[in-house]
Amino acid sequence: MRKKFRKVVVGGTFDRLHLGHKALLRMAFEVGRYVYIGLTSDEMIRDKAHAEKILPYELRLRDLLKFMEVNGYGNYRIIKIHNAVGFAGDIKSLEAIVVSEETYKGALIVNKVRNERGLNPLEIVTIPLVKSSLGPRISSTLIRAGLIDPFGRPLQWKESRGKDV
């Protein structure tokens, strides 16, 4: 199948790599021949909910690399980012940005910066949020709070069913 874009960008903290992250990454590889992945630095996440429980950059990077290997993805580059726009405001050859419904506003900010810098705006590819059995979405915040696992299942349910679940 021919990819729609030559180069796409996707970014995030990718803490506790969960089904929502995986859907986002899979979409990026589905639409782009080459995927740039912005991975937030440790300094950038200090103000996030339950920041003290966020895995360090090196462990988040390791989990991303493992996901790429398991899925056979080869055409990508992971770049550490230190702000919300990261390198997406600088790379002229980027054509699209892949976001979730929740992070759509971030794509608008990226395009505003690109416009200010004389670069073409990125086409925005949006995926729906992946639902959790506890609410409207799976999130790293709920995982860090100990409420759900990376599959969106409540931890109480998982624990009551035994460790093999």
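Tutor: Start with the cut-offs: buried means under 20% relative accessible area, exposed over 50%, and partly exposed in between. The model is predicted.

Student: What makes E95 count as partly exposed?

Tutor: E95 has 26% relative accessibility. That value falls between the limits of 20% and 50%, so the label is partly exposed.

Student: Why is the pair R6 and E95 called a salt bridge?

Tutor: The closest N and O atoms of R6 and E95 are 3.4 Å apart. The criterion is a side-chain nitrogen of Lys or Arg within 4 Å of a carboxyl oxygen of Asp or Glu, so the pair qualifies. R6 lies in strand 1 and E95 in the loop between strand 3 and strand 4, so the pair ties together parts 89 residues apart in sequence. R6 is partly exposed, at 39%.

Student: How many salt bridges does a search of the whole structure find?

Tutor: Seven. Another one of them joins D42 and R60, with the closest N and O atoms 3.1 Å apart. D42 lies in the loop between strand 2 and helix 2, and R60 in helix 2, so this pair ties together parts 18 residues apart in sequence.

Student: Which labels do D42 and R60 get, buried or partly exposed?

Tutor: R60 has a relative accessible area of 0%, which is under 20%, so R60 is buried. D42, at 31%, is partly exposed.

Student: How do you know that the buried residues of helix 3 are on the same side?

Tutor: In helix 3, A107, V110, N111, V113 and R114 are buried. They cover an arc of only 160° around the axis, which puts them on the same side of helix 3. As a general point, an α-helix has 3.6 residues a turn, so residues three or four places apart point the same way.

Student: What do the buried residues of helix 3 pack against, and which exposed residues are on the face turned away?

Tutor: The buried residues of helix 3 pack against strand 4 and strand 5. The face turned away from the buried side carries the exposed residues K105, K112, N115 and E116.

Notes
Residues are numbered from 1 along each chain as its sequence is written. This is a predicted model: local features need pLDDT of at least 70, side-chain atom pairs count only at pLDDT 80 or more; totals for chains, interfaces and linings use all residues. Side-chain values use heavy atoms; hydrogens and water are left out. Helices (H or I, at least four residues) and strands (E, at least two) are DSSP runs, numbered from the N terminus. Buried means under 20% relative accessible area, exposed over 50%, partly exposed in between (1.4 Å probe, protein chains only). The arc is that of the directions from the helix axis to the C-beta atoms. Contact means heavy atoms within 4.5 Å.
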